[in-house]
Amino acid sequence: MSDPSPVRPAVPVLDVWCELQCQDCCDALADLRALRARYGDRLELRLRHFPLEKHKHSFAAAQAAEEALEQGRGWEFVEAVLGRVEELDRAGEPFLVEVARELGLDAEEFDTALIDGRHILIVDADQAEGKAIGVSGTPTYVIDGERLDGGKSQDGLRERIEQIADRLLAGPE
């Protein structure tokens, strides 16, 4: 028996390899906001974690971002933390819990998640996958198999992502 319902094409995915203690990722926020505004739900922006050893609080921040995602406010949390990188540098994990509280998230659950490490496997898996595909710094974007390194320069990256997304959304030629 065949299903008469039309098959909806998959939404293109933009993987954003990010580190929440990274100034270059903070600088990329404007481009990410512009992409979200332009495409809405026609392009899935997927946060991928790539904490760098040089940043002491980046692994905890990645776990906290996963907890925020679980509580339904992932991107808001990411933007709030990236917008205040210097505070994360100075205050560490208590700052992450404070941001959660400011956003109206369950701060106690955040604190517990950071203690019990419930999101470590997700962060580890993202980092391993990133290394496997050649991610070496952040931000790095992957769309339709093309890796774009934003850690060296953001110049022209949003335009390139838009070209690829527009092509994917147009469908087969």
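A residue is called buried when its relative accessible area is under 20%, exposed when it is over 50%, and partly exposed in between (1.4 Å probe, protein chains only). The model shown here is predicted, so local features need pLDDT of at least 70 and side-chain atom pairs count only at pLDDT 80 or more, while totals for chains, interfaces and linings use all residues. Residues are numbered from 1 along each chain as its sequence is written, and side-chain values use heavy atoms, with hydrogens and water left out.

**View 1. Helix 2 passes helix 4 in a left-handed crossing.** Helices (H or I, at least four residues) and strands (E, at least two) are DSSP runs, numbered from the N terminus. Two packed helices are described by the angle between their axes and the distance between the axes. Here, the axes of helix 2 (residues 29–39) and helix 4 (residues 74–82) come within 11 Å of each other and cross at roughly 155°. That makes helix 2 roughly antiparallel to helix 4. Angles under 35 degrees count as roughly parallel, over 145 as roughly antiparallel, 65 to 115 as roughly perpendicular and the rest as oblique. An axis is a line fitted to C-alpha atoms, for helices over the stretch in contact, and the angle runs from 0 to 180 degrees between N-to-C directions. A crossing is left-handed if the near helix is turned anticlockwise from the far one by less than a right angle, and right-handed if clockwise. Look for Leu29, Leu32, Arg33 and Arg36 of helix 2, which make the contact with Trp75, Glu79 and Leu82 of helix 4; contact means heavy atoms within 4.5 Å.

**View 2. Arg48 and Asp126 meet in a salt bridge.** A salt bridge is a side-chain nitrogen of Lys or Arg within 4 Å of a carboxyl oxygen of Asp or Glu. For this pair, the N to O distance is 2.9 Å. Arg48 sits in strand 2 (residues 44–49) and Asp126 in helix 8 (residues 120–132), so the bridge links distant parts of the chain, 78 residues apart. Both Arg48 and Asp126 are buried. They also belong to a network of salt bridges that links Asp15, Arg46, Arg48, Asp126 and Glu129.

View 3. Arg84 is partly exposed at 22% relative accessibility, and Glu102 is partly exposed at 47%.

View 4. Most residues other than glycine have a negative phi, and most peptide bonds are trans. You will find Pro139 in the loop between helix 8 and strand 3 (140–143), where Pro139 is buried at 1% relative accessibility. Leaving aside neighbours within four places in sequence, the contacts of Pro139 include Trp17, Cys25 and Leu148.

**View 5. Asp144 has a positive phi, near 50°.** This residue, which is not glycine, lies in the loop between strand 3 and strand 4 (146–149). Asp144 is partly exposed, at 47% relative accessibility.
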